Amino acid sequence: MEVQAGKYDIIVTGAGHAGCEAALAAARMGMKTLVVALNLDAVALMACNPAIGGTSKGHLVREVDALGGEMGLNIDKSFIQIRMLNTGKGPAVHSLRAQADKKRYQEEMKLTLENQNNLSLCQGEVVEIRTSGGRVSGVKLATGEVYSCRSVIVASGVYLKSRIIIGEYSVHSGPNGLFPANRLSENLKDLGFRLQRFKTGTPARVNKRSLDFSKMIIQPGDPAVPPFSFLNRLLQREQVPCWLTYTNEETHQIIRDNLHRSPLFSGAIEGVGARYCPSIEDKVVRFHEKKSHQIFIEPEGLHTNEMYVQGMSSSLPVEVQRAAYRTIPGLEQVEIMRPAYAIEYDCIDPTQLKLSLESREVAGLFMAGQINGSSGYEEAAAQGIVAGINAVQYLRQEEPLILDRSDAYIGVLIDDLVTKGTPEPYRMMTSRAEYRLLLRQDNADMRLTEKGYRLGLAGEERYQRLYSKQEAVQRELSRLKDAVVAPSKRINEYLKGKGSSALKTGIPLYDLLKRPEISILDIVLLGELQDEIQPEIQEQLEIQIKYEGYIQKQLRQVEQFKKTEKLRIPPEMDYSKVTGLKLESIQKLQKLQPENMGQASRISGVSPADLSVLMVYLEKQRREKKNSEA
Amino acid sequence: MAWDDTITALATPPGEGGIAVIRLSGPESLQMAGRLFVNGKRRKVKEFRERYLYYGFILDQDQNTVDEVLLVYMKAPRTYTREDVVEIHCHGGMIPVRKILDLLLQEGARLAQPGEFTKRAFLNGRIDLAQAEGVMDLISSKSEEAARSSLQQMEGSLSREIKAVRDDMLDVLARIEVTVDYPEEDIEGMVGEQIHKRLSTAREQCRSLLKSAHQGRLIREGIKTVIIGKPNVGKSSLLNALVRENRAIVTDIPGTTRDVIEEYVNIKGVLVRILDTAGIRETMDLVEKIGVEKSRELTRDADLILLLLDASHPLEEEDMKILQWLKDKQVLILLNKSDRPSAIEPEDIEMLTDSTIIKTSMIDGTGLDQVEEFIYHLVYSGGAGPKNSVMITNSRHKEALIRAERHLGEALDALAASMPLDLVTIDIRNVWEALGEITGESLTENLIDKIFMEFCLGK
């Protein structure tokens, strides 16, 4: 029985971190949007660790926020601990990380979706994406309703044919006992997608009352760090600590003795796991010389006693898990509330997507999040907002938003997935970003808010804040260049105290700040600045002056990079017609259909000579076209 | 990958010629050349006139004269590539050409890829459409040629040493990056001091490689060539023929022993140092009397062995033996006395060896041209020498080392200025990239593989 149930511009399947951002972006940009999710109690579910951010992931959250997304605002509402990581290192790698109250995070996000104009939320399972003439025309739910729409965003997470494995036990299930989506996989195959099978896992949740914190090391939050969202000012809130403890030889022995019962080693798991998210059995086997591993105990929320045991992800049988956990100091009496498990699921080969995240197979079909082979809430949200924006651009018949590797971590993420594909669940890392000194978390607004504003997503308030920030930075920069500090007894004593050499003549404050041992705070303390400058402006001044040399270096690299990114390759190129290309390169280029020369250059095995030949060919095509038009 | 930076290359065919032309193309051509050039009065030229031939000198960093040259500046777009072009006309021969190219690389020019000038000419509209296919063929065939020759070079120990420095840089990067991406793991990070030490070592390695490559052992000392063969096979005649045809540079009788005579000859611009056993009394059979050990010693560090066989006599047991122990060496087999009725044909030997075989006669001069041609190609395709010697560098290796050395210097300066380690990685990445092959490998993937291989990470 089929029922015509309604008509939308855009339908999003899934309300996880990708689906929420996609749907909010679409609705905020004026499209009538429907979100269909398997279970509305699982909106923005944090199925694994109760934390947002971390190295490079914190950057992604800031970028999503700068474009006008929700993740930053939502974690600001619901964090129970916040820290800035890597403060001892350079500014490029400072990263925010927050512990979330999981339930609160979900409730806030769900409420935001519910309150959003143009947005409807409904519980159901999408089993079919309908097309007509190669374009999306609607979706069908398991219950028979058919919705028509012009664009679909698939953000189905780990739910496609998912299977949970705990030791010898396995069950077709989504995370946390939720239903899996068993039928959409086949439909995606019919639409022309190549599916892969990935695996991930999560540790046990344990009862706080069964833990002995006196045997652990307390890990408090930072007293005052900026929030995630550029819309928020410093948030003062009482914070909850995490706890650190360690595994030992006894733990490892139990794991070794029971390896034959682990589905990872017995072959019961076919999915490919991620190297950066190893189970404890992986760690013990691969790094057998390591006598102990760190375990962080993280709170799941303020209104629960459940604690997350970071570092003990496992797919061993429950009784082995219990025995192993109980060897860890502070966990001797531990009561496991939810056991650790491994989960396997279907995802697509992301090289079948364009840089806009639209499928090359079906017009109007966008994919975001774990379906594309990524992992992590932040990676999902980043793709979600881009897919949401580009679904709207598709309907508007306007150019898609494509962030490149020098614009944003989002650009690195999408380019990596789409250009290279991924053999394992993909996690963002700062090392993946070649231009990371320019892609800092502190300047995400300066990089992206204008783009978000022009698209009609970032609001007026964001734009005004950006504008005044940029203006203040420019003003103060030129002031620091002009303001000369004269040598005086007071100043030279101060400098001496800092281990800095005394001034003999007057120098601009700008130059003084370039000294490694002098910080912007020193300039403030010296009373050389006329007015009070906001901390965020101080930060910009300090970074832009101190690291000017390296920033210039990266800007020059980016200039070269941009030139090749601008050289577009027409869609549906027939590479077999290009004489002089290596056969291997023809095959790869044919399959991946890069959108520009830069993307082509990042395909492994495509040599500089191939690129030169290709450039000549494209120029030839262009001239032939011009001649025939003339 | 850059499309419009300043590139340089030798524009005339390599080898001995009266003059050689080095071409620069790109926006900084004039600035780069201008920094190295002084006029006849040894003054810097402030402003170069377009299409005007300047007489003067190229100076190195220490203001020593490298060569007396003519320089011409051609302004875009009226040039072959439609970019700014500078041509430097210097003396032919390898030494001035290589030195000037090195200086230009140090000024920041990039060695042109095969066919790159022509590619630019086409992309900038200088070459018409009909020739497009030709340009594409040129690029791919030239690149293949370059790839083949660089593949041969990869066997060399220079390549291995470069790779060792590169691997070390990857290791340093992995150790820095792992603490950046995993600040909460209990991994002992590297401190500035350790990194400083490893970067300094790498820089020293680059410098010493550059020094040996810079002068190029083969250029400095010549190709060490040993002539061997049984008595009366024509060894002295071969040496005399080569000396007679080519300008002998030095005749040297080293040491007190007259066992070995050393001659330097210049074959098509290649310096060849020939060690001849002609001085050994004729009754003394090299293989039998001195024995295999002595012959091994003589040929051990030879870049090329000329093995003479008497084509008018059938192969004997000991000929086989010689062929056998020369198997791993760079050998050219000469079937001499081809003017007489032949008892050995090249086909008889081909199954015993991979070496090139040439029929020669010292009486009528048959095959001498081919021998000279062979020696010349050996040097320019980079195949000369035993497999374990530091070979003449091809310019790409040198370019790699020059760039790497510069980036290492920048990294060390940054460390000295207390820059955070994660910023210094920008320079270290450049070192790695500079030392890379021309095959478009990805640093990030190598780096991430290394991180996860070496460290236990993750939740």
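**Ground rules**

I number residues from 1 along each chain as its sequence is written, and I letter chains from A and number ligands from 1 in the order in which they are written. As this is a predicted model, local features need pLDDT of at least 70 and side-chain atom pairs count only at pLDDT 80 or more, while totals for chains, interfaces and linings use all residues.

**Chain A, overall**

I started with the secondary structure of chain A, which comes to 21 helices and 24 strands. Here helices (H or I, at least four residues) and strands (E, at least two) are DSSP runs, numbered from the N terminus.

Next came burial: 53% of the 630 residues of chain A count as buried. My cut-offs are 20 or more other C-beta atoms within 10 Å of a residue's own for buried, 12 or fewer for exposed, and partly exposed in between, with C-beta atoms placed from the backbone. Then I checked contacts (C-beta atoms, placed from the backbone, within 7 Å). Taking contacts in chain A between residues at least 6 apart in sequence, 72% join residues at least 24 apart.

**Domains**

Chain A is split into domain 1 (3-198 + 346-455), domain 2 (205-344), domain 3 (467-551) and domain 4 (567-629). I get 42 Å between the C-alpha centres of domain 1 and domain 3 of chain A. Where domain 1 of chain A meets domain 3 of chain A, six residues of domain 1 are in contact with eight of domain 3. The domain 1 side of that contact has four nonpolar, no polar and two charged residues. For these classes, Ala, Val, Leu, Ile, Met, Phe, Trp, Tyr, Cys and Pro count as nonpolar, Asp, Glu, Lys and Arg as charged, and the others, Gly among them, as polar.

For chain B, the assignment gives domain 1 (7-112), domain 2 (157-215 + 394-454) and domain 3 (218-380). The C-alpha centres of domain 1 and domain 2 of chain B are 31 Å apart.

**Where A touches B**

I then went to the contact between the chains, which takes 53 residues from chain A and 42 residues from chain B. On the chain A side, the elements that give two or more residues are α8 (280-286), α18 (548-566) and α21 (608-629). α21(A) gives the most, with 12 residues. By class, I find 20 nonpolar, 21 polar and 12 charged residues on that side of chain A.

**A strand in chain A**

I picked out β19(A), residues 306-310, where four of the five residues are buried. β15(A) (residues 205-207) pairs with β19(A) in the antiparallel sense over three bridges; I call two strands paired if DSSP finds at least two bridges between them. In that pairing A:N207 stands opposite A:E306. β18(A) (residues 294-299) also runs antiparallel to β19(A), with four bridges joining the two, and A:E298 stands opposite A:Y308. A hairpin through six residues joins β18(A) to β19(A).

A:A44 lies in the loop between β3 (33-37) and β4 (51-53) of chain A, and is buried, with 26 other C-beta atoms within 10 Å. A:S56 has a positive phi too, near 65°. I found A:S56 in the loop between β4 and α2 (57-67) of chain A; A:S56 is buried, with 27 other C-beta atoms within 10 Å.

In chain B, the peptide bond from B:A76 to B:P77 is cis, with omega near 0°. I place B:P77 in the loop between β5 (65-74) and β6 (85-91) of chain B.

**A helix in chain B**

Last stop was α3(B), residues 116-123, which has seven of its eight residues buried. Among them are B:F117, B:F122 and B:L123, along with B:K119 and B:R120. After α3(B) comes B:G125, with a positive phi near 85°.

Definitions and conventions:
Contact = placed C-beta atoms within 7 Å. Domains from an automatic or database assignment.
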